[in-house]
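Good morning. Please look at the structure on the screen while I go through a few of its parts.

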Amino acid sequence: MRTDTQHPVTRLAAYSPPAWLVERVSLTFSLKAEATRVASEIVFVPNPARADGDHPLELDGEQLTLMAAWIDGQDVTPDITATGLTVQNVPQGGFTWTAEVEINPAANTALEGLYMSNAMYCTQCEAEGFRKITYYPDRPDVMAPFTVRIEGDLPVMLSNGNPTAQGDGWAEWHDPWPKPAYLFALVAGELVSVDDTFTTMSGRKVDLKIYVRPGDEGKCAYAMDALKRSMRWDETEYGREYDLDLFMIVAVDDFNMGAMENKGLNIFNSRYVLATPDTATDLDFERIEAIIAHEYFHNWTGNRITCRDWFQLCLKEGLTVFRDQRFTGDMRSEPVKRIDDVKMLRARQFREDSGPLAHPVRPAEYVEINNFYTATVYEKGAELIRMLWLMVGPQGYRRGTDLYFERHDGQACTIEDWLKVFEDACDIDLSQFALWYAQAGTPRVDVAEAWEDGRYTLTFTQTVPDTPGQTDKKPVPIPMAYGLLDKTGAEVAQGLHVLTQPQESLSFDLAERPVPSLLRGFSAPVTLARDVSAAEQAFLLAHDSDPFNRWEAGRAMMLEALTSDRDNAALGAGLQAVLTDETLDPAFRALTLTLPSEEEIAAHVAGRGQVVDPSAIHDRRAVVEHTIATALGDALPAVYAAMRVDGPYSPDGAAPGQRALRARLLAYLTRLDRQAVEAKAMFDTANNMTETMAALALLVSAGQAQDALAAFETKWATDALVMDKWFTVQAVATPPAQAVATVKTLTQHAAFNWKNPNRFRAVIGAFAVANPAGFHRADGSGYTLLADWLLTLDPVNPQTTARVAGAFETWRRLDRARQALIGPELERIASAPTLSRDMTEIIGRIRA
Ligand code: ARG
Ligand code: ZN
């Protein structure tokens with residue numbers, strides 16, 4: 001990793017506790033778009049853990065103008081640098097720091113700290129944004145109660161905790177729960193609220209408020225309902241009750257991430273709050289539900305118990321993702337949710353883990369922590385919790401989490417603290433399990449079988465691949481859920497075995513040779529390598545009682561069809577059987593009938609050590625989809641018709657699954673009909689955004705979308721979130737030959753404001769990650785287009801730029817010709833004169 005002095009490296013091994021703790025902090029904001037004043041009064045006390053001599057006062061601060069500062073009322077003149085200040089010879093027994101700074105929210109385009117979004121003031125402080133608001137020890141292991149006064153000419157002025165007083169032009173807030181600065185939030189603007197209440201399990205009434213811009217009040221009902229269900233679920237599943245009298249959510253249009261769990265005042269990207277059947281798809285509703293839950297669940301896993309340092313990010317994120325996954329599984333379908341999660345894990349995390357940006361779930365070093373809000377920390381982090389849950393069982397897991405909350409409430413913790421509660425509550429040794437947090441790379445498990453004299457033996461061999469900076473890895477504990485099926489599909493054995501050795505075997509005495517179903521439910525985030533015949537895959541697709549592996553068998557057959565010449569007559573027959581099996585959930589049938597994405601196919605090809613050709617993958621996928629459509633025969637139009645949902649739209653219950661299956665079948669039908677008659681019919685008659693978008697995407701890929709795109713644009717021109725869909729569908733579904741030209745045209749569109757992260761991602765981000773054949777066009781025009789836009793956005797918003805730059809992470813698996821086109825683009829980016837710290841690190845790692 002680069003160690004230039006301009007962008008220093010922070011290391012886990014260099015952690016030391018803070019010299020000063022904060023007993024309490026008061027902040028007064030005088031809001032002005034270009035010159036906000038922030039007055040602070042911070043009571044510092046010495047940290048007993050650092051009684052190792054005299055300590056100066058060192059505070060973080062960036063882009064602040066210090067107007068004045070006092071210590072215990074005496075004027076001081078600190079030494080100021082670009083990243084903070086130091087005061088020598090402070091009273092070692094403790095003191096009060098008072099200061100006033102000036103900041104410029106209107107000029108803050110990075111959307112970190114205090115900034116403006118459509119004339120509204122808002123904040124994003126995680127991970128290190130508070131230092132752009134005032135001088136402070138901006139690290140999560142410094143926790144304090146906050147008192148906030150906001151002065152300004154705005155109708156709504158919010159901060160964390162409970163409102164304590166307000167008058168004309170001012171409001172005061174107090175948050176009694178000690179918190180790190182990254183959980184601070186302030187919002188002020190012309191907002192209206194949608195209100196509700198929730199009665200907690202101990203009978204306390206909590207006011208719930210969702211704040212939106214006037215006119216958006218009608219789009220909050222689903223988010224509010226999801227919030228109440230989340231609050232109840234955390235009580236029943238984890239025994240966790242909400243701890244303030246008020247819980248607020250604010251929808252903001254300019255936001256780098258999905259949402260933020262600020263104490264009592266969650267701030268959301270508006271796309272994850274606002275929804276009506278007309279404007280949002282089934283998937284949007286599901287994501288809103290999941291993100292509302294995720295941020296709410298952080299109140300205990302993140303806020304009441306936080307992270308000691310940013311290396312421990314997975315402590316709150318992996319755990320909270322696991323919690324929201326289970327919540328969605330309970331609200332909807334558990335197997336469908338698991339399949340969706342694994343698809344996402346493979347597409348995003350396995351991709352990351354096998355390329356230049358691979359890093360452990362708990363990284364050992366970083367240059368810019370914002371670059372580590374990754375699929376590895378979040379999604380692989382959640383898989384680690386899930387493995388632990390499988391290993392100790394649901395009751396052991398609950399004992400462990402109960403102990404975690406009891407032992408660590410109010411603390412800033414580490415992964416070691418987390419593992420220790422399970423060792424104590426469940427009497428297990430997790431020292432080997434801890435390797436999962438330290439070793440990057442997706443473990444591979446090779447499986448061999450033997451059958452002799454009534455004895456069936458499975459032999460597992462695990463290896464963890466090398467990743468940047470890491471070789472010679474140790475075996476990790478791998479929970480292997482399995483079942484053995486006899487000829488009729490009946491289960492003759494099943495269980496969970498935790499593999500701990502480089503190689504180990506499992507034997508069974510059986511009357512006949514079984515068919516194994518391994519890694520059921522995807523019980524560990526590994527790659528399973530085993531030679532399976534087409535007949536066996538077809539058998540599992542038809543008979544496995546584990547829905548995940550049933551889906552997996554179909555997927556494996558599809559991957560074979562997509563990447564080899566194997567005769568796949570069995571695939572068509574197997575899929576037809578799934579399609580017409582009315583005992584199966586339509587949502588599950590839709591997933592099983594979905595071909596692996598181009599990214600999944602590319603990963604599969606790369607995993608076999610072959611060169612990836614995105615154009616060939618795209619073309620082959622179209623051919624196989626056509627073949628399957630033909631093989632489905634008459635069942636295709638019949639089930640398509642049967643899945644029609646009549647009556648008013650509902651985002652819950654069975655309807656989304658029926659719509660998903662219908663949309664999947666429409667894709668097959670459209671493969672067979674170049675005129676896309678059914679897709680046009682669905683577009684014209686749809687009464688909800690789910691069907692509209694399903695049809696529109698197919699029309700765009702079929703080159704039949706001119707009228708539909710125009711009609712859509714006319715209807716939705718003034719709704720930015722809906723226009724994002726219009727942008728994305730074209731960036732993603734336009735055939736490769738026209739994709740670059742289309743994206744260029746989209747960037748000229750009046751509604752394309754590239755400084756807004758949602759717009760930038762809707763066009764540039766979507767094109768670069770979700771239209772692989774367009775992005776990887778052999779003439780390199782996709783690469784130049786992306787590099788140009790990254791260089792444009794970087795000075796304005798480094799965080800969003802660096803995330804989208806991840807599109808280049810797979811470049812080493814491509815053919816030489818494409819690598820020779822990407823190399824110079826990466827070089828051009830790297831040599832930009834004022835490249836951000838975020839981009840310097842990401843591009844440096846991608847090129848390494
Ligand atoms: N803690 C937030 C969440 O997972 C993510 C915020 C990340 N923000 C950032 N600038 N890195 O819900
Ligand atoms: Zn989170």
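Predicted model: local features only at pLDDT ≥ 70, side-chain atom pairs only at ≥ 80, totals over all residues.

Residues are numbered from 1 along each chain as its sequence is written, and chains are lettered from A and ligands numbered from 1 in the order in which they are written.

Around ligand 1 there are 14 residues, counting a residue as near if its C-beta atom, placed from the backbone, lies within 6 Å. The closest are Glu126, Met257, Met260, Asn370 and Tyr373. Strand S20 (259–260) and helix H2 (282–297) each give two or more residues to this shell. Helices (H or I, at least four residues) and strands (E, at least two) are DSSP runs, numbered from the N terminus.

Next, helix H14 (residues 635–642) packs with helix H15 (residues 655–672) at an angle of about 145°, their axes 9 Å apart. Axes are lines fitted to C-alpha atoms, for helices over the stretch in contact, and angles run from 0 to 180 degrees between N-to-C directions. On the H14 side, the contact uses Leu636, Val639 and Tyr640; contact means C-beta atoms, placed from the backbone, within 7 Å.

Last, three strands form an open sheet in the order S4-S8-S7, paired antiparallel; pairing needs at least two DSSP bridges. Which are the edge strands? They are S4 (57–60) and S7 (79–80), each pairing on one side only. Two bridges join S7 to S8 (residues 84–87), and Ile80 has Leu85 of S8 as its bridge partner.

How values were computed
Contact = placed C-beta atoms within 7 Å.
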